[in-house]
Amino acid sequence: MSKQPAPLSSPAEPTLGRPRSADATQAVRAAALALACEGGIGHATLARISAHSGVAKTTIYRRWPHAAAIVMDAFLEDITPLIRYRRKADIRATFTTVLKELAHALRGPRGDLLRHLLGAAQSDADLQKAFLDLWIGPRRAQAKEVIAEARARGELRKDFDAEIFVDTLFGAVYYRLLIPYAPVTDRYLEALVNQVLAGATARDRQAASERARNGEEK
């Protein structure tokens, strides 16, 4: 049975008085995320976020340039704990787990919201930069750390290209997410990692050598 995504935050009830800075930030994020999941990114207007969070618009403007940036910030805070890179026995197991956790986290409202955010980022330079700086950049850096560790252990060929590997794996997942012509299943992700890593790991090289020896023996 596939793992269901955790429920998204509910908007905070309007509060009286002046909330503390940390409380206000969390209230604004929770309101923005719930509103965007309820009616799309356009539904999460600054006025609605202010009304649902109990935080004044002037206070919100001091931290975020516009409502889409708040939704982006809230989305990242919500999903990041669910998709941390956790080391497994080898690079194949690590990336299979990473992709499965990402796919599980993006099922349902989070996936819909990510599609909306990516669409909005095409015409918003600030939002696009936020994607690169807060989502793509850190995720790629973590992936490269795993690859560097695997290379240091002798798991990978010396000519293994980390950039192409990351683009191929995650590009395939985002392609199916953005153009949902087929589901992103666990079986698909396992096959994807196996195919992209085919011939690249020490295990693959050993298996190829054994096949060659067996063929020679025949």
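Contact here means heavy atoms within 4.5 Å. S50 sits in helix α2, residues 46-53. Helices are DSSP runs of H or I with at least four residues, strands are runs of E with at least two, and both are numbered from the N terminus. Is S50 buried or exposed? S50 is buried, with a relative accessible area of 15%. Buried means under 20% relative accessible area, exposed means over 50%, and partly exposed is in between, using a 1.4 Å probe and protein chains only.

A quick word on the model. This is a predicted model, where local features need pLDDT of at least 70 and side-chain atom pairs count only at pLDDT 80 or more, while totals for chains, interfaces and linings use all residues. Residues are numbered from 1 along each chain as its sequence is written, and side-chain values use heavy atoms, with hydrogens and water left out.

Now let's step back to the whole chain. How many helices and strands are there? The protein chain has ten helices and zero strands. Of its 218 residues, 42% count as buried. Among contacts with a separation of 6 or more, 68% are between residues 24 or more positions apart. The accessible surface comes to about 12000 Å², and 55% of that belongs to carbon and sulfur atoms. Those areas come from the Shrake-Rupley method with a 1.4 Å probe, and for residues only the protein chains shown count as cover.

Next, please find helix α6, residues 109-121. Its 13 residues should span 18 Å at 1.5 Å a residue, and its end C-alpha atoms are 18 Å apart, which agrees. The expected span is 1.5 Å times one less than the number of residues. Which residues of α6 are buried? They are R110, G111, L113, L114, L117 and A121. Seen down the axis of α6, these buried residues fall within an arc of 160°, so they line one face of the helix. The arc is taken from the directions from the helix axis to the C-beta atoms. And what do the buried residues of α6 pack against? Their partners are α1 (21-39), α4 (67-79), α5 (91-105), α7 (125-152) and α8.

A salt bridge is a side-chain nitrogen of Lys or Arg within 4 Å of a carboxyl oxygen of Asp or Glu. Both D112 and R115 lie in helix α6, three residues apart, which is about one turn of the helix. D112 is partly exposed at 37% relative accessibility, and R115 is partly exposed too, at 28%.

How many salt bridges does the structure hold? There are 14. Another one joins the side chains of E101 and R86, at 2.1 Å, N to O. E101 lies in helix α5 and R86 in the loop between α4 and α5, so this pair ties together parts that are 15 residues apart in sequence. E101 is buried, with a relative accessible area of 10%, whereas R86 is partly exposed at 41%.

A further salt bridge links R153 with E155, with their closest N and O atoms 2.4 Å apart. R153 is partly exposed, with a relative accessible area of 49%, while E155 counts as buried at 13%. Salt bridges that share partners also join R140, K144, E163 and D167 into one network.

Which residues make the nonpolar patch of about 420 Å²? Y175, L178, I179 and Y181 do. Patch residues have over 30% relative accessible area and no salt bridge; like charges are joined within 9 Å, and nonpolar side chains (Val, Leu, Ile, Met, Phe, Trp, Tyr) within 5 Å. Y175 is in helix α8, residues 162-178, and is partly exposed, with a relative accessible area of 47%.

S21 lies in α1 and is exposed, with a relative accessible area of 60%. The C-alpha atoms of S21 and V55 are 9.9 Å apart, although these residues are 34 apart along the chain. C37 is also in α1 and counts as partly exposed at 29% relative accessibility. The C-alpha atoms of C37 and V71, 34 residues apart along the chain, are separated by 9.7 Å.
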